[in-house]
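Colleague: Hi! Could you take me through this model? I have a handful of quick questions.

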Amino acid sequence: MTSYLPADLTVTVHRSHPDALHLAVAGDLDYETATRFSREVDQALDTHHRQHGPALHDLHLDFSDLTGSDSSALTALLLLHRRTHPAGITLHLDHQPAQMIRMLDLTGIADHLTQQARTHRATGSEPDQQQDTASAP
């Protein structure tokens, strides 16, 4: 008889600065944990906003300890991008394991997820004219 262990995932704040938040993602990011991933990242973003206001420009997700992922991981990352990009927050996918790199390459969404975020923030200024850059693992 085969027994299955419940999927395990942790999202922890590694470092936090007013303009950058670094989260460590460990375990499996898959169908069973994608909702928890989204909830925990949203909570970290909300906490950061309460502490520092709208100063956040970069959200780093460190996948050094990611042990598995499936297509639900892509969905969770796209939903996260939908929240962060309009807020002027650039998403960085750091230390991606091979299976994540392969999924992002096959789907062609890596550049979309990590494109430089621009926004009209509360100052009413025009968006940056900086060149788009993708995060390097």
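Colleague: To start, at what angle do the axes of helix 2 and helix 3 cross?

Modeller: First, a caveat: this model is predicted, local features need pLDDT of at least 70, side-chain atom pairs count only at pLDDT 80 or more, and totals for chains, interfaces and linings use all residues. Residues are numbered from 1 along each chain as its sequence is written, and side-chain values use heavy atoms, with hydrogens and water left out. Now your angle: helix 2 (residues 71-84) and helix 3 (residues 98-107) have axes that cross at roughly 70° and come within 10 Å. Axes here are lines fitted to C-alpha atoms, for helices over the stretch in contact, and angles run from 0 to 180 degrees between N-to-C directions. Helix 2 and helix 3 are therefore roughly perpendicular (65 to 115 degrees; under 35 is roughly parallel, over 145 roughly antiparallel, the rest oblique).

Colleague: Which residues make that contact?

Modeller: Helix 2 brings Ser71, Ala73, Leu74 and Leu77, while helix 3 brings Met100, Met103, Leu104 and Thr107. Contact means heavy atoms within 4.5 Å.

Colleague: And how many of the contact residues are nonpolar, polar or charged?

Modeller: Six are nonpolar, two are polar and none is charged. Nonpolar covers Ala, Val, Leu, Ile, Met, Phe, Trp, Tyr, Cys and Pro; charged covers Asp, Glu, Lys and Arg; the others, Gly among them, are polar.

Colleague: Let's zoom out. How many helices and strands does the chain have?

Modeller: There are four helices and four strands, and along the sequence they follow the pattern β-β-α-β-α-β-α-α. These are DSSP runs numbered from the N terminus: helices are H or I with at least four residues, strands are E with at least two.

Colleague: In what order do the strands sit in the sheet?

Modeller: The sheet is open, with its four strands in the order 1-2-3-4 and mixed pairing; two strands pair if DSSP finds at least two bridges between them. Strand 1 (9-17) and strand 4 (90-94) are at the edges with a single partner strand each, so one side of each has no neighbour in the sheet. On average, neighbouring strands are turned by 20° against each other, direction ignored.

Colleague: How many bridges hold strand 2 and strand 3 together?

Modeller: Nine, with strand 2 (residues 20-29) and strand 3 (residues 58-69) paired in the parallel sense. Within that pairing, Gly27 has Leu66 of strand 3 as its bridge partner. Strand 3 and strand 4 also run parallel, joined by five bridges, and Leu61 stands opposite Leu93 of strand 4.

Colleague: Is strand 4 mostly covered or open?

Modeller: Mostly covered: five of its five residues are buried (under 20% relative accessible area; exposed is over 50%, partly exposed is in between, with a 1.4 Å probe and protein chains only). Thr90, His92 and Asp94 point one way, and Leu91 and Leu93 the other. For the chain of 137 residues, 39% count as buried.

Colleague: Which strands do helix 1 and helix 3 lie across?

Modeller: Helix 1 (residues 34-52) lies across strand 1, strand 2 and strand 3, at about 20° to strand 1. Helix 3 lies across strand 3 and strand 4, at about 110° to strand 3.

Colleague: Switching to electrostatics, how many salt bridges are there?

Modeller: Two in the whole structure, where a salt bridge is a side-chain nitrogen of Lys or Arg within 4 Å of a carboxyl oxygen of Asp or Glu. One joins the side chains of Arg83 and Asp42, at 3.0 Å from N to O. Arg83 is in helix 2 and Asp42 in helix 1, so this pair ties together parts 41 residues apart in sequence.

Colleague: What is the N to O distance between Asp46 and Arg83?

Modeller: Their side chains meet in a salt bridge at 2.5 Å. Asp46 of helix 1 and Arg83 of helix 2 are 37 residues apart. Through shared partners, Asp42, Asp46 and Arg83 form one network. Arg83 is partly exposed at 34% relative accessible area, as are Asp42 at 29% and Asp46 at 33%.

Colleague: Last one: where is His95?

Modeller: His95 is in the loop between strand 4 and helix 3. This residue has a positive phi of about 55° although it is not a glycine, and His95 is partly exposed, at 44% relative accessible area.
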